[in-house]
Amino acid sequence: MMAGRAADQEHWTHSLFVERPELFLPFLELAEERAPVEAAILAHLFGRYGVPEGGSVLDVACGTGRLAIPLARRGYQVTGVDLSPLFIGKARERSADEGLDAEFVVGDMRGVGDLMARRGPFDAVIDMFTSNGYYGRDGDLELFTQLRALSSSAATMVVLTMNRDWMVGNFEPQGVDAAGAIRILQRRRLDLETSTLQNDWEFYEDKGDGMRLQLRLQLDHRVYSLHDLKALVEEAGWEYLAGLGSDRGPELVLKELTPGLMEMWVVARAGG
């Protein structure tokens with residue numbers, strides 16, 4: 001682990017995903033709409049870059065199994081890991097209901113090397129839905145290094161995150177996200193020197209008689225341009241293969257990455 005238990009409990013990820021995961025759950029459920037298309041894209045990338053049919057896939061920060069489960073339906077041997085016991089419990093229920101052979105483990109992705117040591121090597125690893133940057137660049141470097149050690153010699157890694165270049169051109173200092181009965185009031189500042197998105201979030205829940213404040217969080221999130229993320233995965237022992245882009249809209253199509261595309265997909269292969 002990169003940090004002791006006391007430090008872990010002070011981090012915003014523990015406050016949100018362990019102590020109050022029900023506040024973020026509706027946003028994961030909303031993202032389910034895109035899951036079949038994203039899983040199809042992942043299967044296409046796996047096929048293109050040599051992941052065998054029925055190969056083993058590690059899904060880091062898997063949430064409720066949004067992508068792990070449709071990949072398991074396609075025959076991949078999927079293992080998902082997530083910090084949230086609530087999210088993992090739901091993923092296990094969904095997998096069991098469908099009779100799928102998928103495994104879900106509660107754990108901190110910063111210690112994924114020890115957590116998954118007996119389950120590898122994996123043919124593919126995925127880190128989706130902007131699940132990196134939580135612990136800064138150093139945290140991401142250690143994560144991707146551990147994932148490389150868990151991977152086979154020809155493994156493929158796919159990372160989906162926010163495109164910093166899009167963010168700079170479309171930056172909004174405040175906004176509201178909504179899912180189900182939850183609203184997140186966001187105030188944002190983008191530190192261009194450190195490439196860190198600094199956020200103040202307030203979670204409100206509709207109780208039927210008005211919105212009630214449930215949680216306040218201050219959180220930092222490291223964001224990347226393509227050249228930054230390329231350099232990072234290469235430093236972690238991966239061979240960079242491609243940088244692609246997509247819009248977060250109803251129709252998801254991968255394209256050549258440009259500053260005008262919100263999402264960045266980076267594909268890498270286990271380096272020699």
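Predicted model: local features only at pLDDT ≥ 70, side-chain atom pairs only at ≥ 80, totals over all residues.
Buried here means under 20% relative accessible area, exposed means over 50%, and partly exposed is whatever falls in between (1.4 Å probe, protein chains only).

Residues are numbered from 1 along each chain as its sequence is written, and side-chain values use heavy atoms, with hydrogens and water left out.

**Helix 6**

Let's start with helix 6, residues 85-98. Helices (H or I, at least four residues) and strands (E, at least two) are DSSP runs, numbered from the N terminus. Helix 6 has 14 residues and spans 20 Å from its first C-alpha to its last, close to the 20 Å expected at 1.5 Å a residue. That expected span is 1.5 Å times one less than the number of residues.

Phe87, Ile88, Ala91 and Ser95 are the buried residues to look for in helix 6. Looking down the axis of helix 6, its buried residues fall within an arc of 95°, so they line one face of the helix. The arc is taken from the directions between the helix axis and the C-beta atoms.

What sits over the buried residues of helix 6? The cover includes helix 2 (12-19), helix 3 (25-31), helix 5 (68-73), strand 2 (77-82) and strand 3 (103-106). Contact here means heavy atoms within 4.5 Å. Just after helix 6, Gly99 takes a positive phi of about 65°.

**Salt bridges**

The structure holds 16 salt bridges. To count, a side-chain nitrogen of Lys or Arg has to be within 4 Å of a carboxyl oxygen of Asp or Glu. Here are three of them.

| Pair | N to O distance | Relative accessible area |
|---|---|---|
| Arg73 and Glu98 | 2.8 Å | Arg73 49%, Glu98 39% |
| Arg212 and Asp209 | 2.8 Å | Arg212 41%, Asp209 56% |

The salt bridge between Arg73 and Glu98 links distant parts of the chain, with Arg73 in helix 5 and Glu98 in helix 6, 25 residues apart. Arg73 is partly exposed, and Glu98 is partly exposed too. For the remaining row, Arg212 is partly exposed, whereas Asp209 is exposed.

**The network around Arg66**

Arg34, Glu38, Arg66 and Glu263 are joined in a network of salt bridges. Arg66 sits in the loop between strand 1 (56-60) and helix 5. Is Arg66 buried or exposed? At 6% relative accessibility, Arg66 is buried.

Its side chain makes a polar contact with the side chain of Glu38, at 2.5 Å. A polar contact is a pair of N or O atoms within 3.5 Å; within protein, one must be able to donate a hydrogen and the other to accept it, and residues adjacent in sequence count only if both atoms are side-chain atoms. The Arg66 side chain also reaches the backbone oxygen of Ala31 at 3.5 Å. Leaving aside residues up to four places away in sequence, Arg66 touches Leu28, Ala31, Glu32, Ala35, Glu38, Arg94 and Phe129.

**Aromatic pairs**

There are nine aromatic pairs in the structure. Rings of Phe, Tyr and Trp (its six-membered ring) pair if their centres lie within 6.5 Å; planes under 30 degrees apart count as stacked, over 60 as edge-to-face and the rest as tilted.

The ring centres of Trp12 and Tyr134 are 4.9 Å apart and their planes are at 70°, so this pair is edge-to-face. Trp12 lies in helix 2 and Tyr134 in the loop between strand 4 (122-127) and helix 8 (136-150), so the pair links distant parts of the chain, 122 residues apart. Trp12 is buried at 9% relative accessibility, and Tyr134 is buried at 14%. Tyr134 also pairs edge-to-face with Tyr135, at 6.4 Å centre to centre and 70° between the planes.

Zooming out, ring pairs link Trp12, Phe17, Phe24, Phe27, Phe87, Tyr134 and Tyr135 into a cluster. Phe87 is also one of the buried residues of helix 6.
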